[in-house]
Amino acid sequence: MSASIAIGSDTLGWPLPSALHAITVSIPNWHENVEYLEGQPATVDAMTTGYPRFFIHHSIQKLADICLKMFGHEGELCLLCPTQRTAEHGKTFIHNLALQASKPPEVRVICYDIVRSASSKVSEGPMESGPFMSSPTKVYIIFFHAETYKIARQFWQNCGLGISSRYAELCLSILGIPGFPQTQLSEFLCAYGKSPSRKFKEVLVPKPQDESELPFVTGSDAKSALRRRMAGFFVCDESVPSVTEDDVFLFPCGMSALWNAHQLLMGCRPPERSVVFGFPYTDTIKILQKSGPGAIFYGYGEDSDIDDLDTMLAKKVTETPSQPPILALFTECPSNPRLHTVNMPRLRALADKYDFLIVIDETIGTFANVNVLPYADIVVTSLSKFVCGYATALGGSLVVNPRMRYHTLLKEHLTSMYEDTYFDPDAIVMERNSRDFSERMRITNTNAEYICDFLHTRSIEGGASEKDGLGAPVIKRVYYPKYVSRKNYEVCRRRLPTGELDTENGGYGGLFSLTFTSMKASETFYNTLEVAKGPTLGTTFTLCCPYTLLGHYWELDWAASYGVDEGLVRVSIGTEDRAELFRAVEVALRAAESACMERT
């Protein structure tokens, strides 16, 4: 695989990789993460980019400023959506939460046809949207009171329905306004006071795709290729119905896919609360809590929780026998960040017994490693992670499982409500990046297992002690499917039609988390580890983040109550040379051990 120097990976605010549409950003020191979360101006101003649902790309903001100047009222701010329907969802979301928070609830939607001049007629309120790609120069503007901005940003973050940076670039180019083309990336970064450090010049990471060199292909071709490729991964047993291209639906990002899965279920099933089973990615539970009837949370996801869930469902059936006791159960395989896998067969048995559906997010395991079709009615994936790999495009997928009894109902309803809002250039980059997905996952699986085996032996959970002659262990536990709820994970691992494990694929994945005996150890390990550091995962370059801080900074006690330590460090292993990775991890671990010895 081609590789290049990790330029800027230790420079605060530098895009990772060094590309205009990079989806992560360098935050190399622990204290900088805290400063960013607390909104300290110097750190916030240093961020030239960020994960797209959490950071509004400068091209999107430039277009939003234009829209605000043209159509905004005094005291308003705005967000941009690709279609009328997504904007109306945003309008409802923002209005309802604003009322609950006693903020100004007034929200309006305007359609701006970018092709026309600034003085063109503008329609306000509902209007025909049409397929997104048939009207690729419309932007739908959600205007709201400035006091409601934080609530509006929740819609952008939780639902993933805003426009992409590539779409903003297209709109700006039609308006004749310079964006930040790839060839001007260095000048753009310099404008924000950035000059890359070369501290990590020995560490190799994949060379970003040059989008000008991508083979010519239409967006439709790219999406069909993606759907066929994904469907192929779900063919494990020819004795049961197989997933086809028509069962795979694409979305602009993983959270958009999950949000649409929830909308789908609410549209074709009796209204009821859902269950979130196991501690999930931070925005999953927020989507379900803020949209529709809400959610019941079983944060540990243990077998004892299944017993409690069974009891609760039985009671609800007794009270209201005419309808299913819950809408659906949402879970992950495995979970993020604790890498825990729930007892899928028991949950499936409950779903069949009480007539509810199961939605499984297998982003962390990936369909290269796990097969959740025996248990899921719907499978959602953030393609932005391992499938994309190169961190230059977002994408999400929703698969309707043909093995389950509600397949026809779900597919017909989804087909009737589906809008293709996945911008063609994003899909083209995703398709190109995903071509070596299988090869990358095999390398990542091997690298991660090798590193985790080493770290496990140096952890308290793994039996390490001062008697080993290595000093007092500072790692409490390695969270990795090989060492966490392994029996449940093995049930979901990919197998051959003969029932044997698929040894070519079917590994434990590329993500693990570490907990330490002290915050000092966590911070020292993180600060010393010579890899890229920033949000997201699944990149071909190893990427580390203080996950609990980033995901739950304002609810640390709540996260801790479910076993998610404040000092948890999450590591997404890449495809670099294994010896180099081992050296970096070993050096960081020794630094953490030394720091704790000095402290005592």
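Let's start with a network of salt bridges: Arg-227, Arg-228, Glu-245 and Asp-246 are linked in one here. Keep in mind, everyone, that this is a predicted model. Within that group, take the pair Arg-228 and Glu-245, whose side chains meet with N and O 3.9 Å apart. Arg-228 sits in helix H8, while Glu-245 is in the loop between H8 and strand E9 (248-251), so this contact ties together parts that are 17 residues apart in sequence. And how accessible is Arg-228? Its relative accessibility is 48%, and because of that the residue counts as partly exposed.

Now stay on helix H8, please, and move to Lys-223. The side chain of Lys-223 forms a salt bridge with that of Asp-424, at 2.9 Å from N to O. This one reaches between distant parts of the chain: Lys-223 belongs to helix H8 (residues 219-233) and Asp-424 to helix H14 (residues 424-433), 201 residues apart. Are these two buried or exposed? Lys-223 is buried, at 7% relative accessible area, and Asp-424 is buried too, at 19%. The cut-off for buried is under 20%, so Asp-424 with its 19% still qualifies.

Asp-113 and Lys-138 form a salt bridge, with their closest N and O atoms 3.7 Å apart. Asp-113 is in strand E5 (residues 107-113) and Lys-138 in strand E7 (residues 138-145), so you'll find the partners 25 residues apart, in distant parts of the chain. Here again we have buried residues: Asp-113 has 14% relative accessibility, and Lys-138 has a relative accessible area of 16%.

And for anyone keeping score, how many salt bridges are there? The count comes to 30. Thanks, everyone!

Notes: Residues are numbered from 1 along each chain as its sequence is written. This is a predicted model: local features need pLDDT of at least 70, side-chain atom pairs count only at pLDDT 80 or more; totals for chains, interfaces and linings use all residues. Side-chain values use heavy atoms; hydrogens and water are left out. A salt bridge is a side-chain nitrogen of Lys or Arg within 4 Å of a carboxyl oxygen of Asp or Glu. Helices (H or I, at least four residues) and strands (E, at least two) are DSSP runs, numbered from the N terminus. Buried means under 20% relative accessible area, exposed over 50%, partly exposed in between (1.4 Å probe, protein chains only).
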